[in-house]
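Dear colleague,

Please find the structure below, together with its sequence. A summary of the findings follows it.

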Amino acid sequence: MPDSPISYREEIKRKLVHLSSLWMPLLLLAAPGRWWAPAIFAAAMLLTLWAEHAYACGRPGIGALYGRIFGRMLRRPPVPGAWVVSGGAPVLAAALLVAVLFQPVPAAGALTVMLTGDAAAALIGRRFGRIRLVNGKSLEGTIAFVTAGYAMLALVLAWSGCGGIWYAAAVPAVIAGALVELFQKQLRIDDNFSIPLATGAVLQSAVLWL
């Protein structure tokens, strides 16, 4: 089913919810133990799936509450009985996977790029996009993704005390994330899930290689 258009105001709300998930990279960097963050991400993902399933089934209680808060922000109506309704579950699934696969800094950086770059691409591309690339995406939105993603990744690296090699590795990592976002339809994977994996893999591989 194709995505239904939502108003720009609801798009802003949607991306503010997206940005509120920046607690996840902060947790990855601040967690006292290796498995604290994955455990919290797993619990949050299960809770999200339960709430979205209840909403899709039209159940009262948590399902109705979910609908009141997030219903207007959804790009498509829920399929009755669906387990994944929004991008929330893929975000948490990606957070869980990068926390397990990568070191804390690449994992936190990858999530930061996805959360900030995707928000910038959507808001700038929708309002100011004029030059079309592929899949309806704009050059302006892609530039916004790379600019915001790299700037925020640089903040993560600075906060973590990383050296110059990390900032060089951040360039191909952010570009990889932008390409995944640009070719989401061809990949047929939710970009909330694929962007952190691509970005984190390139960032960690580049640093280990260099």
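For the charges, Lys and Arg count as positive and Asp and Glu as negative, while His and the chain ends are not counted. The place of a charge is taken as NZ of Lys, CZ of Arg, CG of Asp or CD of Glu. On that basis, the mean positions of the 17 positive and 9 negative charges of the protein chain lie 4 Å apart.

Please note that this is a predicted model, in which local features need pLDDT of at least 70 and side-chain atom pairs count only at pLDDT 80 or more, whereas totals for chains, interfaces and linings use all residues. Residues are numbered from 1 along each chain as its sequence is written, and side-chain values use heavy atoms, with hydrogens and water left out.

Overall fold

The protein chain has 10 helices and zero strands (DSSP runs numbered from the N terminus, with helices being H or I of at least four residues and strands E of at least two). The radius of gyration is 17 Å, close to the 17 Å that the globule rule gives for 210 residues, so the protein chain is as compact as a globular protein of that length. This radius is taken over C-alpha atoms, and the rule is 2.2 Å times the number of residues to the power 0.38. Along its principal axes, the C-alpha trace spans about 50 × 45 × 25 Å.

Interior

A nonpolar core is a set of buried Ala, Val, Leu, Ile, Met, Phe, Trp, Tyr and Cys residues joined through side-chain atoms within 4.5 Å. The largest such core has 41 residues, and Leu28 and Phe41 have the most contacts inside it. H6 gives the most, with eight residues. Apart from this core lies another, of six residues, among them Ala56, Tyr66, Leu74 and Val85.

Leu28 touches Phe41, as well as Ala37, Ala99, Pro104, Ala107, Ala108 and Leu111, not counting residues up to four places away in sequence; contact means heavy atoms within 4.5 Å.

Glycine 141

Gly141 is placed in helix H7 and is buried, with a relative accessible area of 5%. Gly141 touches Ala121 and Gly125, again not counting residues up to four places away in sequence. Between Gly141 and Gly117, the separation is 24 residues in sequence and 9.2 Å in space, C-alpha to C-alpha.

With kind regards

Notes:
Buried < 20%, exposed > 50% of the residue type's maximum accessible area, 1.4 Å probe, protein only.
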